[in-house]
Amino acid sequence: MNIKTGKAELHTYILLTLITTILFLPVIAKGESEAKRSLRYGLMVGTSSMKVDDPDGKTASTTEFSFPNVLLVSDLTRDKRLFINMFGQSGTLDASSTEIGQDITRIGATGMLQFAFFDKAVWLGAGLGVVQEKFESRHRVDDQGFLIPGSELKDRTEIAVPFLVGVSTQYSINRDLDIGLHLQYEAPLRGDINVLSAYAYLLY
């Protein structure tokens, strides 16, 4: 990303992620000796493939690393839980003579209701999210890679509401630590980005 405002927002997100994790560590460390915790905390990292449906023209797709996400998992019943992800993402779509290049910043949260299968080895679910999406430095370039005069477009900011479906698989390392993999697809009910994400996570 080469947009200062986008960088500042992502830096703020990373700082808040670290602060949140530090604040929760004492709670995590205490554990529960008699009953399994109904609310657990963790971190997720992974990659996301993003495709933008730009109102002003065609775009390329991009695959980017996701910044560490804050994960909250709340057990509702033995086989049902809430899977909440607070995240920040950035990416750059390459420009061409026919495709609009731009820098993307996404900051938001998603929530998914998941159901367990195969003795909790697999969790399937669906849910919704609320995401601030920024599209900056929108432009086209010629075949030599130079900016096409007059091709620059206004920046856009919107609040998106994605519908998401996902599947998780999770394994216990010990009494207080699980590891997992999570695959998720987001389709916009409101907004312009389709996202396919693959994550690895630690859950305390």
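Student: What counts as a helix or a strand here?
Tutor: Both are DSSP runs, numbered from the N terminus: a helix is H or I over at least four residues, and a strand is E over at least two.

Student: Anything to know before we dig in?
Tutor: This is a predicted model, where local features need pLDDT of at least 70, side-chain atom pairs count only at pLDDT 80 or more, and totals for chains, interfaces and linings use all residues. Residues are numbered from 1 along each chain as its sequence is written, and side-chain values use heavy atoms, with hydrogens and water left out.

Student: What share of the chain is buried?
Tutor: 40% of its 204 residues. Buried means under 20% relative accessible area, exposed means over 50%, and partly exposed is in between (1.4 Å probe, protein chains only).

Student: Which strands pair with strand 1?
Tutor: Strand 2 (residues 61-77) is one partner, antiparallel, with 12 bridges. Strand 8 (residues 193-203) is another, also antiparallel, over 11 bridges. Strands count as paired if DSSP finds at least two bridges between them.

Student: Show me a spot on that pairing. What stands opposite serine 48?
Tutor: Serine 197, in strand 8.

Student: And what is the bridge partner of arginine 40 in strand 2?
Tutor: Valine 73. Arginine 40 itself lies in strand 1 (residues 39-52).

Student: Is arginine 40 buried or exposed?
Tutor: Buried, because its relative accessibility is 4%.

Student: What does its side chain reach?
Tutor: It makes a polar contact with the side chain of aspartate 178 at 2.9 Å. It also reaches the backbone oxygen of leucine 203 at 3.4 Å. A polar contact is a pair of N or O atoms within 3.5 Å; within protein, one must be able to donate a hydrogen and the other to accept it, and residues adjacent in sequence count only if both atoms are side-chain atoms.

Student: Which other residues does arginine 40 touch?
Tutor: Leaving out residues up to four places away in sequence, its contacts include Leu71, Leu72, Gln170, Asp176 and Tyr204. Contact means heavy atoms within 4.5 Å.

Student: New topic. How many salt bridges are there?
Tutor: Eight. Each is a side-chain nitrogen of Lys or Arg within 4 Å of a carboxyl oxygen of Asp or Glu.

Student: Which residue does glutamate 186 pair with?
Tutor: Arginine 106, with the closest N and O atoms 2.9 Å apart. Glutamate 186 is in strand 7 (residues 177-190) and arginine 106 in strand 4, so the bridge ties together parts 80 residues apart in sequence.

Student: How accessible are those two?
Tutor: Glutamate 186 is buried, at 2% relative accessibility. Arginine 106 is buried too, at 0%.

Student: What about aspartate 54?
Tutor: Its side chain meets that of arginine 138 in a salt bridge, 2.8 Å from N to O. Aspartate 54 sits in the loop between strand 1 and strand 2, and arginine 138 in strand 5 (residues 122-139), 84 residues away. Aspartate 54 is buried at 5%, and arginine 138 is buried at 3%.

Student: Which residues make the nonpolar patch?
Tutor: Among them are Leu76, Ile84, Met86, Phe115 and Leu124, in a patch of about 770 Å². Patch residues have over 30% relative accessible area and no salt bridge; nonpolar side chains (Val, Leu, Ile, Met, Phe, Trp, Tyr) are joined within 5 Å, like charges within 9 Å.

Student: Which strands each supply at least two of the patch residues?
Tutor: Strand 3 (80-93) and strand 4 (101-117). Isoleucine 84, for one, is in strand 3.

Terms used: Accessible areas come from the Shrake-Rupley method with a 1.4 Å probe; for residues, only the protein chains shown count as cover.
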